[in-house]
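Thank you all for coming.

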Amino acid sequence: MMDCAHYRRAILADPHDENADMRLHRDSCHDCSRYTDQVRRFEDRLDRALRIELTPEMRDKPGVVPFRARDSQAPRSRRLPRGWLAAAASLLLAVVVAGSLWLVVPGPSLAADVVAHMAEEPGAWARTDVPVPAQTLDKVLAESHVRLKADAGLVSYANSCLFRGHQVPHLVVQTDAGPVTVMVLTHESARTSMRFDEHGYRGMIMPVPGHGSIAVLERGPTADTTTMERVAAKVLGAIDWSA
Amino acid sequence: MKDAIGGNQKRARFQALCQALRPDLLRFAFWLSRDRALAEDVVQETMLRAWKAQDSLLDEGAAKPWFLTIIRREYARSFERKRFATVDVDELIAREEPTLAAADGHDVEELRAALFKLPDEYREPLVLQALMGYSTAEIAAQLKLSNTAVLTRLFRARKQLRMLCGEDTRMDPEE
């Protein structure tokens, strides 16, 4: 049987370790149970501390793949002076950077507004297997002139939220990996997909041609893109936009 | 023509992979170096090296540890090249103040400053575990340590952090 010192050393080394011996000890020791809560609270703080905010320039810096010209085998027709080439390259780089940033950011503050909205409805993130009543879901979607024509997964939360001056469906879909929030943003167009990672939320905003965009996000360090993409595809496939 | 299309697809796929991993890689490099500008340089260089060596990445699912290995090497290289003088942690903290600032509270800022003061050999496994979600065995493989050594470092890292942050450590175990 594990003793308190052994247990506390183990929980400090890995606060999320849940082996049977440790569980058994914690369940039978009030002090260690209290200590675990204390350590896990500190761990939440550590998680937030490690996730430093990244500026859009840091996150979306283009040019990670070498320019095409570098791979090209095409011979040059004539040599140009080095200084001229450097100036031209700088100009080209500036245009590419400016162009890329413009393309990747569908609206500079849209992601920030989506994340800020999450703080207004923290209860929506509950992990549950109880679906929201079908009538509630229908009503929420109807307010944004859409309806479901197929199964969108286990929707545990549905609310029609005022977002940037429009009523938008705010849904939470339960998955094996945890709850995923979906906001159907019919009034927010996006030229291309963008990912964001802000204040403990990870997500993406994807364009929906002819119907604005959709925001999908997860909370916490375990958020993964594949789950979000799957949920987004399922919800989009289930929506009837002509309602 | 076919080659050009294939090349474009390969490039786009690699670009998407880099874009998806970039936030985590930047954060890892930042906590490794405690220097935002250096972290950006290391990540950029890492991506260029990864692009050149992409054929050695057989499974895209293993991309993250692959990138992390390159980052660690790149950081070590930059360290060798510049032969940094002894660092004054308080100076580092002052220099990186904007990056350490936290919208969600002073307690987070305090913890970030404490992380700066943690010795490298404790900070690195802690970041791999708490930020990158690595298991003890994965950290051991990445850092070429035994599982026991990793657990000891993680234990010491948290113990020191708790002390630096003025947490109630009366129940903390001795070594």
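This is a predicted model: local features need pLDDT of at least 70, side-chain atom pairs count only at pLDDT 80 or more; totals for chains, interfaces and linings use all residues.

Let me begin with α7(B) and α9(B), which pack with their axes 8 Å apart and at an angle of about 100 degrees, where axes are lines fitted to C-alpha atoms, for helices over the stretch in contact, and angles run from 0 to 180 degrees between N-to-C directions. The two helices, α7(B) and α9(B), are therefore roughly perpendicular to each other, on a scale in which angles under 35 degrees count as roughly parallel, over 145 as roughly antiparallel, 65 to 115 as roughly perpendicular and the rest as oblique. When I say helix or strand, I mean DSSP runs numbered from the N terminus, H or I of at least four residues for helices and E of at least two for strands.

Residues are numbered from 1 along each chain as its sequence is written, and chains are lettered from A and ligands numbered from 1 in the order in which they are written.

Which residues meet where α7(B) and α9(B) pack? From α7(B) they are Glu121(B), Tyr122(B), Arg123(B), Pro125(B), Leu126(B) and Gln129(B), and from α9(B) they are Val150(B), Arg153(B), Leu154(B), Arg156(B), Ala157(B) and Gln160(B), contact here meaning that two C-beta atoms, placed from the backbone, lie within 7 Å. Sorted by class, this contact of α7(B) with α9(B) has six nonpolar, two polar and four charged residues; Ala, Val, Leu, Ile, Met, Phe, Trp, Tyr, Cys and Pro count as nonpolar, Asp, Glu, Lys and Arg as charged, and the others, Gly among them, as polar.

A residue is buried if 20 or more other C-beta atoms lie within 10 Å of its own, exposed if 12 or fewer, and partly exposed in between, with C-beta atoms placed from the backbone. Among the buried residues of α7(B) are Arg123(B), Glu124(B) and Val127(B).

Val127(B) brings me to the largest nonpolar core, which has 47 residues and in which Leu25(B), Phe28(B), Ala29(B), Val43(B), Ile71(B) and Val127(B) have the most contacts; such a core is a set of buried Ala, Val, Leu, Ile, Met, Phe, Trp, Tyr and Cys residues joined through C-beta atoms within 7 Å. The elements that each supply at least two residues of this core include α1 (4–13) and α3 (30–50) of chain A as well as α1 (2–33) and α2 (36–52) of chain B. The most comes from α1(B), with nine residues. Leaving aside residues up to four places away in sequence, Leu25(B) touches Val43(B), Thr46(B), Phe67(B) and Ile71(B). There is also a second, separate core of 36 residues, which includes Leu110(A), Met183(A), Met228(A) and Val235(A).

Turning to the interface, 39 residues of chain B are in contact with 29 residues of chain A. On the side of chain B that touches chain A, α1, α2, α6, α7 and α9 of chain B each supply at least two residues, and the largest share, 12 residues, comes from α1(B). By class, that side of chain B has 22 nonpolar, five polar and 12 charged residues.

Chain A itself has nine helices and eight strands, and 29% of its 243 residues count as buried. An open sheet of six strands runs in the order β2-β3-β4-β7-β6-β5 (chain A), with antiparallel pairing, strands being paired if DSSP finds at least two bridges between them. Its edge strands are β2 (154–163) and β5 (194–198) of chain A, each pairing on one side only, and the twist averages 20 degrees from one strand to the next. Between β5(A) and β6(A), residues 201–207, the antiparallel pairing extends over five bridges, and Glu198(A) stands opposite Tyr201(A) in β6(A).

Finally, two backbone details. His145(A), in the loop between α8 (134–142) and β1 (147–148) of chain A, has a positive phi of about 60 degrees although it is not a glycine. Lys144(B), in the loop between α8 (136–143) and α9 of chain B, also has a positive phi, near 55 degrees.
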